[in-house]
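Please view the sequence and the structure together before reading on.

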Amino acid sequence: MLRTALLAASRSPRVRALVERGPTRAIVTRFVAGTTVDDVLAVVRELVADRLVTVDHLGENVTDRAGARATVGEYRVLIARLRDAGLADRAEVSVKLSALGQALERDAQAVTLEHARAVCAAAAAAGTTVTVDMEDHTTTDATLATVRELRTDHPWVGAVVQSQLRRTLADCRDLAHPGSRVRLCKGAYDEPASVAYRDPDEVRASFARCLDVLAAGGGLPMVATHDPAMIDLARSREPRELQMLYGVRPRAQQELAAEGERVRVYLPYGTDWYAYFMRRLAERPANVGFFLRSLLTRG
Ligand SMILES: Cc1cc2nc3c(=O)[nH]c(=O)nc-3n(C[C@H](O)[C@H](O)[C@H](O)COP(=O)(O)OP(=O)(O)OC[C@H]3O[C@@H](n4cnc5c(N)ncnc54)[C@H](O)[C@@H]3O)c2cc1C
C-alpha cells in the first residue's frame, strides 16, 4: 500500500513541488551525490578506492527534443570529466532512455537511438562503458530493441532486466551469451499483476531463475540488489559483479569489496532527483520515517 502510494507520488507534480521545497537535503544527499559534475566526481574519487562506480545523470521522461539533446550534452561533459580525471577505467555511466527521447510523442525510437549512440561513442572514446537502465514495463520492448541496436557497434553496452516482470526469464534467455553484460534487479516500478509478480517471495524466486540463466550463458551477470539472500546466491556464481545503490548498505558494500568481490555502486547526481528519491523511499518504509522527521524538524 505504502509502496504504491509513494510510487504514485513519484509521478505527481503537486507532491513534487511540496517535497522539493521541503528541508529534505540531508536525506536526499544520502542517496544523491550532489547537483553538479564537480560534486559527483568528488564522490567517485572516494568510492573507487575499493569499488567500481556507474554514474547516472538524474532525469527521466523528457518530453521535448531540446531536453533530450541537453541530456546527451550532460553525458558528454560527464564522460570527458571522468576521462580527464583518470577515472574512466573504474567508473562507467548509466542512462535512462526516457531522458534521451523515448518519451517524445514523435520519432521517439529513432531520436533515442541517435542520442544513445552519441553517448556510447563518447564512452568508447574515453575508454569506459554504458549501461541502459530499465524503466516501467511499457518501455521494456523499446529499451531492449535499442540495446540490441547499440550492441552492434558496442557489444559492451549493459542491459537491465527486472525479476518482478513475468517476461524477464525469456528476456534473460535472449541476453545470456558470451560478452553480454546484464544487470539483474528486482524492479523499482509499481507494475500490475497482469505483467508482474507482486509477492516478494515470487520476485525472489524469479530473481534466482533469471540468475541461473544469465550465469549459464557465459556473459557477466551484474547482480543489483541489497537483499542478503540474493547476494549469497550471486556469490555462488562465476563470473559476477555485485551492484548496490549509493547510500544503501554502504558498510556491506565495503565488506564485500574487502572480501575481494567486484562491487559497483550506482551513483546518481543532478537537480532532477525527485522521482529517483521517491523510488528509494518506496523501497524501505524506514526511509519514510527519516524523511517525515526531517520535515517535522524543519528550520
Ligand atoms: C545498482 C542498481 C541499479 C538498479 N537499476 C535499476 C533499473 O535500471 N531499473 C529498475 O527498475 N530498478 C533498478 N534498481 C532498483 C531495484 O530494482 C530495486 O528496486 C532495489 O534495488 C531494491 O530491491 P532489493 O533487491 O535491494 O531488495 P529489497 O527486498 O527491496 O531490499 C532488501 C534490503 O535492502 C535494503 N534496502 C533496499 N532498498 C533500500 C533503500 N532504498 N533504502 C535503504 N535500504 C534499502 C533493506 O535493508 C532491505 O530490507 C537498481 C538497483 C541497484 C542496486
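The model is predicted.

**Helix α5**

Helix α5 comprises 20 residues, 65-84. At 1.5 Å a residue, a helix of this length should span 28 Å, and the end C-alpha atoms of α5 are 29 Å apart, which agrees. Its buried residues are Ala68, Thr71, Val72, Tyr75, Leu78, Ile79 and Leu82. Seen down the axis of α5, these buried residues fall within an arc of 125°, so they line one face of the helix. On the face of α5 turned away from the buried side, Arg69 and Asp84 are exposed.

The cover over the buried residues of α5 includes the helices α4 (37-47) and α6 (108-126), together with the strands β1 (52-57), β2 (91-95) and β8 (263-269). Just after α5, Gly86 adopts a positive phi of about 70°.

**Leu267 in strand β8**

Strand β8, which is among the elements covering α5, contains Leu267. This residue is buried, with a relative accessible area of 0%. Beyond its neighbours within four places in sequence, Leu267 is in contact with residues that include Ala33, Val40, Val53, Asp56 and Tyr246. Leu267 and Val28 are separated by 239 residues in sequence, while their C-alpha atoms are 13 Å apart in space.

**Helix α8**

In helix α8 (residues 168-175), Thr168, Asp171, Cys172 and Leu175 are buried. Viewed down the axis of α8, they fall within an arc of 105°, so they line one face of the helix. Arg173 and Asp174 are the exposed residues carried by the face turned away from the buried side of α8. Among the elements covering the buried residues of α8 are α7 (140-153), β4 (159-162), β5 (181-185) and α9 (200-216).

**The ligand**

The ligand is surrounded by 25 residues, of which the closest are Met134, Gly187, Thr225, His226 and Glu283.

| Residue | Protein atom | Ligand atom | Distance |
|---|---|---|---|
| Lys186 | side-chain N or O | oxygen | 2.9 Å |
| Ala188 | polar backbone atom | oxygen | 2.9 Å |
| Arg280 | backbone N or O | nitrogen | 3.1 Å |

On its own the ligand has 930 Å² of accessible area, and the protein covers 85% of it.

Conventions
Residues are numbered from 1 along each chain as its sequence is written. This is a predicted model: local features need pLDDT of at least 70, side-chain atom pairs count only at pLDDT 80 or more; totals for chains, interfaces and linings use all residues. Side-chain values use heavy atoms; hydrogens and water are left out. Helices (H or I, at least four residues) and strands (E, at least two) are DSSP runs, numbered from the N terminus. The expected span of a helix is 1.5 Å times one less than its number of residues. Buried means under 20% relative accessible area, exposed over 50%, partly exposed in between (1.4 Å probe, protein chains only). The arc is that of the directions from the helix axis to the C-beta atoms. Contact means heavy atoms within 4.5 Å. A residue is near a molecule or strand if one of its heavy atoms lies within 4 Å of it. A polar contact is a pair of N or O atoms within 3.5 Å; within protein, one must be able to donate a hydrogen and the other to accept it, and residues adjacent in sequence count only if both atoms are side-chain atoms. Accessible areas come from the Shrake-Rupley method with a 1.4 Å probe; for residues, only the protein chains shown count as cover.
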